[in-house]
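Reader: I am new to this structure and would like to learn how to read it step by step. Could you take me through its features with care?

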Amino acid sequence: MSIEAILIVNKSGGLIYHRDFNNKTSATHLNGNDYLILASTVHSVFAIASQVTPKALKLSPPKIDFTIPYHPYVGVPNPNSSNTSNRRTVSSQKLGSFKGPDFFNGPFTSWNKSGIRQLITDHFTMYIYQSLTGLKFVALGSSVAVLGKNAAVSNEVADNFLRKVYCVYSEYVMKDPFYSLEMPIKSKTFDQSVKSLVDNLL
């Protein structure tokens with residue numbers, strides 16, 4: 001799974017962070033206005049999708065397990081691996097709130113229980129991780145659509161990856177005394193950490 005862009009959308013639908021990892025000379029490269037439109041569209045479609053429920057599901061709601069399995073070392077270098085020459089560390093500083101090099105070490109519950117989690121098209125794949133406060137972390141992936149059993153695994157890996165981006169956001173953005181909520185993120189440390197996570201993603 002290759003990540004081409006990361007977006008963070010606040011609970012009002014505003015784009016507060018975006019980072020493009022694609023070639024800027026590419027014909028598919030989006031500019032700043034395109035990302036603003038994309039963020040507001042994702043927010044709107046997410047809100048609509050969370051309200052649209054088939055009547056059959058309302059009458060007899062299925063028991064759905066929203067637990068996301070843990071996939072170790074997604075986006076971070078594996079200390080047990082012998083091939084670490086081309087891997088980058090997430091940050092030279094140790095994260096104070098998270099234990100170990102892998103941020104967390106067990107399954108977790110998805111807070112996104114009624115909206116869109118994954119969108120697959122012929123041109124790109126979009127993964128969305130929503131925090132409990134309504135913040136949406138969006139990853140735009142490569143155009144290769146993953147189908148069948150591998151689609152579920154790909155979605156789980158994306159959830160693990162975006163949760164780590166959320167951990168880095170909590171560490172470097174929310175603990176910044178000069179950051180105002182719902183405003184654009186301008187932290188260089190956060191930006192470098194996100195780039196390291198993407199660089200280390202297999």
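Author: Let us start with a pair of strands: strand E1 (residues 3-9) and E7 run antiparallel and are joined by 6 bridges. Two strands are said to pair if DSSP finds at least two bridges between them, and helices (H or I, at least four residues) and strands (E, at least two) are DSSP runs that are numbered from the N terminus. Within this pairing, Ala5 stands opposite Leu140 in E7. This is a predicted model, in which local features need pLDDT of at least 70 and side-chain atom pairs count only at pLDDT 80 or more, while totals for chains, interfaces and linings use all residues. Residues are numbered from 1 along each chain as its sequence is written, and side-chain values use heavy atoms, with hydrogens and water left out.

Reader: Which strand pairs with E7 over 6 bridges in the antiparallel sense, besides the one you named?

Author: That is strand E6 (residues 125-130), where Ile128 stands opposite Val138 in E7. The hairpin of E6 and E7 has 5 residues between the strands, and in it Gly134 takes a positive phi near 95 degrees.

Reader: How many of the residues of strand E7 are buried?

Author: Buried means under 20% relative accessible area, exposed means over 50%, and partly exposed lies in between (1.4 Å probe, protein chains only). In strand E7 (residues 136-141), 6 of its 6 residues are buried. In a regular strand the side chains alternate between the two faces of the sheet. Here Lys136, Val138 and Leu140 point one way, whereas Phe137, Ala139 and Gly141 point the other way, and all are buried.

Reader: Which residues touch the most other members of the largest nonpolar core?

Author: A nonpolar core is a set of buried Ala, Val, Leu, Ile, Met, Phe, Trp, Tyr and Cys residues joined through side-chain atoms within 4.5 Å. The largest one has 33 residues, of which Ile6, Ile8, Phe161, Tyr169, Ile185 and Phe190 touch the most other members. Two or more residues each come from E1, strand E2 (15-20), E6, E7, H3 and H4, and H3 gives the largest share, 9 residues. Apart from this core lies another, of 14 residues, among them Leu15, Val42, Phe46 and Leu140.

Reader: Is Glu171 buried or exposed?

Author: Glu171 has its place in helix H3 and counts as buried because its relative accessibility is 11%. Its side chain is joined to that of Lys175 by a polar contact of 3.2 Å; such a contact is a pair of N or O atoms within 3.5 Å, where within protein one must be able to donate a hydrogen and the other to accept it, and residues adjacent in sequence count only if both atoms are side-chain atoms.

Reader: What is the phi of Glu182, and where is this residue found?

Author: Glu182 has a positive phi of about 70 degrees although it is not a glycine, and it is found in the loop between helix H3 (149-172) and helix H4 (188-199). With 31% relative accessibility, Glu182 counts as partly exposed.

Reader: What is the mean pLDDT of the protein chain?

Author: The pLDDT is the predictor's confidence in each residue, from 0 to 100. Its mean over the protein chain is 78, and 74% of the residues reach 70 or more. Over residues 84-93 the pLDDT is below 50. Where pLDDT is low, the predicted coordinates should not be read in detail.

Methods: Contact = heavy atoms within 4.5 Å.
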